[in-house]
Amino acid sequence: MKRLPPQPCERINRKQRLSFKWHGRWYSGFAGDTLASAMLVNDVTPVARSFKYGRRRGIMAAGVEEPNALVTLESGSHHHTPNVRATDAELYEEMQVQAASGVPSLEHDIRAWLKPLHRFMSAGFYYKTFKAPKNWWPWYEKGLRRFSGFSAAPSEPDAEHYDHQYHHADIAVVGAGPAGMAAALAAAQGGARVILLDERPAPGGEMVSDCATDQQARQWFEATRQALETQANVSILTRTTAYALHDYNLLLALERRQDHLALKARNPQHSRQRSHRIRARQVILATGSHERPLLFANNDLSGIMLASAVRRYLHEYAVLCGDEVVIAGNNDSIYVLASELLNAGVRPVVVDSRDSSLDTAALQQRGAVVRTNHAIIEAVGSSRVTAVRIAEIRQTGNRWDIVSLKETLPCNLVALSGGFSPVVHLDCHTGSRPVFSGEFQAFMPACDRPNRFVAGSVNAHPDWAGCRDDGMHAAASALAALALTPSSPAEKPRRKSLGTGPFLYLSHKPDKVFLDMQNDVKASDIAQAIAENYRSIEHIKRYTALGFGTDQGKTGNVNGIAVASAVTGIPMEQIGTTTFRPMYTPVTMGALAGEETGLLYDPQRFTPMQHSHVQAGAQFEVVGQWMRPWYFPQGDEDLHTAVARECQAARQSLAMMDASTLGKIDIQGPDARELLARVYTNAWAKLAPGKCRYGLMCDENGMIIDDGVTACVSDTHFIMTTTTGGAARVYAHLERWHQTEWPELRVCFTSVTDHWSTTAVVGPKARRLMEKICSDIDFSVEAFPFMDWREGTVLGVPARVMRISFSGELSYEINVQANYGRYIWDQVHEIGQAWNITPYGTESMHVLRAEKGYIIVGQDTDGSITPHDAGMGWAVARNKPYPFIGLRSLSRSDTARADRKQLVGLLTADPDTVLPEGCQLVRHPEDSAMLGHVTSSYHSPTLQRSIAMAVVRNGFALQGETIYARPVSGETLPVLIRDTNFYDAGKEQLDGER
Amino acid sequence: MANVEPVFETALAHVDTSAMSEPDFNVTEVRDFACVLLRIHPQTAGAGAALARLGLAFPPALGIHAIPQQRLLMKWISPDEYLVTLPVTDKAAFIEQAETAFAGLFAAVVDNTGGYSLLRIGGGQRYAVLSKLCFYDLKGNLPVGKVVSTALAKAPAIFYRVQEDELYCLLRGSFADYGWKILLTASAEFL
Amino acid sequence: MFLITCPYCGEAREEQEFSYAGEALIKRAPLDSSDAEWGDYLFNRNNTKGPTLEQWQHTLGCRKLFMVERNNVTNDILAIKTFESLRSDS
């Protein structure tokens, strides 16, 4: 391996030396090198140890199809990046690189020592060997895990961030090789908004190699590149891999914005990588093709590479991968490489499996040795290739035979070309299957989904000029589909032929013929799978692990299908391919999350009083998307102490709570009352303006789904409240039933959840406070009974005051326009100091209502609880004219059973023991059959002991009985069943201090 | 009773509004705006006449009917829902007039002022920033006079434009803080 | 992730703006249904492979529901109809 003198189209910048560290040693390369080209020039080998057998591996390819050279960058740090392909990692200054394989190390690998056992370690060996004895499995697993996978996962938080970007384009072009460049320019010139993507740092694709030797190519490339840069309606994204194509042309792509920069040179304000989400009206896939290696024994040795990769390293990086070269293949591209190596001063031996051609003669005239009708049957070497054995071969029908074993050719580089597989992945993501073409010896993209085209070598054009013409043709078709040109182009450009010969499988030492380098899958494994009756390609894949690796079988799958075809005699087109799924190349999780991490993962919704809560030192709880005050600790109070103080204040003097998060739906129309009757279980016919009613909402299956108080503003105007978490769901529920089932009802729904803020004033002194802050409402018990509401002015602000209670104490909820919410809260807090008013949060709210046995939908109900189960049969009005949602279900045989799970109260024998919520309940202490579970459980400061609510089978009939709680950890505890109203201080409690 | 003046606050009253105030990208919360929803369907008998009495007319789908002198915009949200934004001081009178005009019709007037925060977004990079958060094609498909209900990241959002060089974003009040934070994050690289 | 053209808003929107609202054209069973008939209405759905009739709500948009005929294998949307038009057709 050596660095050549400057090449005409090289990507490297010889003025900028970069250093990288590999296994304790520093090496150098140039800016513009990939890690792979720098490793090659430094003769770094091996780069990996194979998965099962620990075989030493080298770099095989130059692009994303590379199966071997997986490395970890910046191991153990905040920039730890696992499973990086050295072939597309751009070298940066002081890059720290570790191999991603080798147990215990790259130099010494245990698996290689197990060589004598390798013949027992074929496909399926893991589960055949380790399935017994069963109880040894945890021990087996621990051992096997050491050998599995590649890089370790990161252990430190990612120091960098990621973001997303949405795009809308008329035409998206994937791939900026000659086909993509031509298509993008033609499309843009035709008036379309174009976005052009390429996974490499600069446009050109495989054409860069052609530009080095073909003047016409170079001129066209330069002119087109310039034109694209200056064309206004083209957006070009390089270092951007389109990794998925979904329905309706949703193209997902990952842009590596800073991965090519030294760590110190990265801009922390910029994302490391960006996920692009592109909706394109038309998509042109110019994704190119991947070269296939040839099949022969030990074809996985270091120094055996793809011919096009050798070409790329030569032209783009000025790296000569070897000076004793054998080029073998079944198509005309081998002669191009041979010619270019001759130009570089190397005399390759060419092994062509086909007959002689004009190319053969031309090359021989330049002094190269060419063997036609020959193939490599075996490579020789231990840590790297030192020679290949070639043989004359003959094809009879479907079989290949060795005619005579000819020569052993010493070499340090073997360049293989077994044909080209179009990169069909994106075309297949929406369910299409590629179609095998005997003419091109390749699986061709079906391209049968609408608004999509393929162009270039993915469409079997092997030459840059053909790709260019095909790209222009695709653009014209896309423009026509968008009606930007009057008609479609006439003809598709004719394809130049590479004369690709058929797949060659000799079955010489098949247990050494590697198909999938990443998973050590050999030809013998395919034969074994078929012998064990795994005949479908999907089964063969899973049984052998063919195509399972991070490379998704880019260089191995088609060869694997060819072997399956040779073994079974079934033609390639019938065997077909396995399913192609996103992502085309791996995408880091951070890029999928973008900026939606941490506090931005989900919206945090705040009430208008939030600022005051923060200033008061409230601790917060997440309720759906809302941040609600959980408790308001004073000093160094813990939850328990704060809740005790808050509950005491609510029951004995004065407290306040922010109830703004509850859903509020404004319901208006002549049929509003009827609508309520249909969605709630209770009666609404007689609810007068100025009155409120608690409503219970069921689904059509009769199960409670929400509850809340609805206020009557007028005969045609109601305000419904929902639970905090149910607001959006109930809103959608009302719309759905109205629009699809009851369109004749004249009613409309408007969400006013955020418009109204709610300050609840709670406790025996509540009336005193209200009288102080509102002079135009009469708060006396007679004038303002429980479950009424009044319109008035509170502290100068128009308000609706509702006398409803979730605690059982005297309670007024002051509703004002949200813009005045914090003002009202702060003023109530200040004025309430006269009675030592105590703000309380959700924890105290939960305790207070539990002391009264009030349910919380979603906590005490779980979608399987009917109103009767919850002891709320009183809320069901059966004589409404229209059968309300859920009515019929209440009389279903299962719903009407007497022994359903029913809501009861529980008291533990030890008053200090608080049962865990969710705790299982059984009838007898030794039982395991579940009788029910605990739904709510607290320490009650009011009762100075624990209380719990639970749903228990036949609970109503078991009142007064003792059953048993069986927590996950801890002892079984006896609990007494009682009703749920733990704290009943009589009607006086509700009216407070008169 | 304490003699204090009511304090009117918008959702982002406590946010440092200078954080995004560059020529390249700027966001301000409009403080003086009220929001009233008119629930009325054009096919309701008498609807057109009722609107005419208010000096209004039904805009087409995704359209805006504007009365610039009153700084009033009537925005189509749904066939039977129109979001009217107007100065705070004009709200009470407008609601009263609308209720009167709608009397006897199947129609409703709903004050939703507290329900929204209104952001004005400007600057040369506004579309670059918004394209990181909104999957709607705001740059290519939101001309002056159009209103679109969609999402800003994970928050429901209504975008509209009445002028070339800026656009408006209505966020529900409880999502305003989240909207501000994600705009800050998305714009950091441009500021 | 497909695109749905809302018949009320009049333009194609991202699937994320919508919520799936169940199989379309299910008639509510009458109150005097037997348990079996009621259970069938409540729990049984056609679950066809291929073109299905669905309800979608434009939750982040105009909040209207409408019917979509979608091929659930290919995600091709074959037809979109408002409930008003379906009622006036029948």
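## Chain B: size and packing

Chain B of this predicted model has 191 residues and a radius of gyration of 17 Å. A compact globule with 191 residues would come out near 16 Å, so the value for chain B agrees with that expectation. The C-alpha atoms of chain B fill a box of roughly 55 × 55 × 30 Å along the principal axes.

Buried residues make up 51% of the 191 residues in chain B.

## Chain B: elements and contacts

Five helices and ten strands build chain B. Consider its contacts between residues at least 6 apart in sequence. Of these, 61% join residues at least 24 apart.

## Chain C: order of elements

Chain C has two helices and six strands. Read from the N terminus, the order is β-β-β-α-β-β-β-α.

The C-alpha trace of chain C spans about 45 × 30 × 25 Å along its principal axes. Chain C has 90 residues, and 28% of them count as buried.

Contacts in chain C with a separation of 6 or more include 44% between residues 24 or more positions apart.

Note on methods. Residues numbered from 1 in each chain as written. Chains lettered and ligands numbered in written order. Predicted model: local features only at pLDDT ≥ 70, side-chain atom pairs only at ≥ 80, totals over all residues. Helix = DSSP H or I, 4+ residues; strand = E, 2+ residues; numbered from the N terminus. Rg over C-alpha atoms; globule rule 2.2 N^0.38 Å. Buried ≥ 20, exposed ≤ 12 C-beta atoms within 10 Å, placed from the backbone. Contact = placed C-beta atoms within 7 Å.
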